[in-house]
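User: Hi! I'd like to go through this model with you and see what stands behind each label.

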Amino acid sequence: MPVTLDTPAPDDLPTLVEIWEAAVRATHHFLPESDLQVIKPLLREQYFPAVQLTCARDDAGRILGFLGHAEDRVEMLFVDPHSHGQGVGRRLMQHAIDELGATRVDVNEQNPQAVGFYQHLGFVVKDRSRLDGGGRPFPILHMALSR
């Protein structure tokens, strides 16, 4: 699938939130609804402003997924579940690695699909935290590019 990468405009942010929610509901089965509702408003208020956002669009301009990057770390990667398995996440990650210098990513241990995806791209587990960044009991794997 041909994908174009660009920086989302402010009016694209609601779409990014929708993609985040759909992707989390499809992959983060361990996350309680109450936590999802706490995190959701923080996306626009705190998380999006703290990263450089890149979105992937199809030929019609529809956003298929997005990545948030800061320094040498991918802070977030979410793909619309309808586009899973079509190379969107890989394209965003290759951009992050090749163009943005990303070498690290944190991933929920309870999301084995994501762990496998990053391992397939050459990331290895370097460390593990018992709690996530919000202090919740969801272990985080700290991964680094091994190339």
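Predicted model: local features only at pLDDT ≥ 70, side-chain atom pairs only at ≥ 80, totals over all residues.

User: What makes the chain agree with a compact globule?

Analyst: Its radius of gyration does. For 147 residues, a compact globule would have a value near 15 Å, and the chain has 14 Å, so the two agree. As for its extent, the C-alpha trace spans about 40 × 40 × 25 Å along the principal axes. Of the 147 residues, 49% count as buried, and the chain exposes about 7600 Å², with carbon and sulfur atoms supplying 50% of that area.

User: Which elements make up the chain, and in what order do they run?

Analyst: There are four helices and seven strands. Starting at the N terminus, they follow the order β-α-α-β-β-β-α-β-α-β-β. As for contacts between residues at least 6 apart in sequence, 58% of them join residues at least 24 apart.

User: How do you know that the length of helix 1 is close to what is expected?

Analyst: Compare the two spans. Helix 1 covers residues 13-27, which is 15 residues, and reaches 21 Å from its first C-alpha to its last. At 1.5 Å a residue, the expected value is 21 Å, and the helix is close to that.

User: Which residues of helix 1 are buried, and what covers them?

Analyst: The buried ones are L13, L16, V17, I19, W20, E21, A23, V24 and T27. Their cover includes helix 2 (33-47) and helix 4 (112-120), along with strand 2 (52-57), strand 3 (63-70) and strand 4 (73-79).

User: Why is L36 called buried?

Analyst: The cut-off is under 20% relative accessible area. L36 has 3% relative accessibility, so it counts as buried. This residue sits in helix 2 and touches W20, E21, V24, R25 and L31, leaving out residues up to four places away in sequence. Its C-alpha is 13 Å from that of I19, a residue 17 positions apart from L36 in sequence.

User: Why does D80 count as buried?

Analyst: Its relative accessible area is 12%, which is under the 20% limit, so D80 is buried. D80 lies in the loop between strand 4 and helix 3 (88-98). Apart from neighbours within four places in sequence, D80 is in contact with I19, R62, L64 and G65.

User: What about H28: why is that residue called buried?

Analyst: The same test applies. H28 has 13% relative accessibility, under the 20% cut-off, and therefore counts as buried. Its place is in the loop between helix 1 and helix 2. Setting aside neighbours within four places in sequence, H28 is in contact with A23, F78, N108 and N111. The C-alpha atoms of H28 and A114 are separated by 9.9 Å, although the two residues are 86 apart along the chain.

User: How do you know whether E71 is buried or exposed?

Analyst: Exposed means over 50% relative accessible area. E71 has 70% relative accessibility, so the residue counts as exposed. E71 is found in the loop between strand 3 and strand 4. There is one more feature to look at in your viewer: E71 has a positive phi of about 55°, although it is not a glycine.

How values were computed. Residues numbered from 1 in each chain as written. Heavy atoms only, no water. Helix = DSSP H or I, 4+ residues; strand = E, 2+ residues; numbered from the N terminus. Rg over C-alpha atoms; globule rule 2.2 N^0.38 Å. Buried < 20%, exposed > 50% of the residue type's maximum accessible area, 1.4 Å probe, protein only. Contact = heavy atoms within 4.5 Å. Areas by Shrake-Rupley, 256 points an atom, 1.4 Å probe, with all protein chains shown as cover. Expected span 1.5 Å × (residues − 1).
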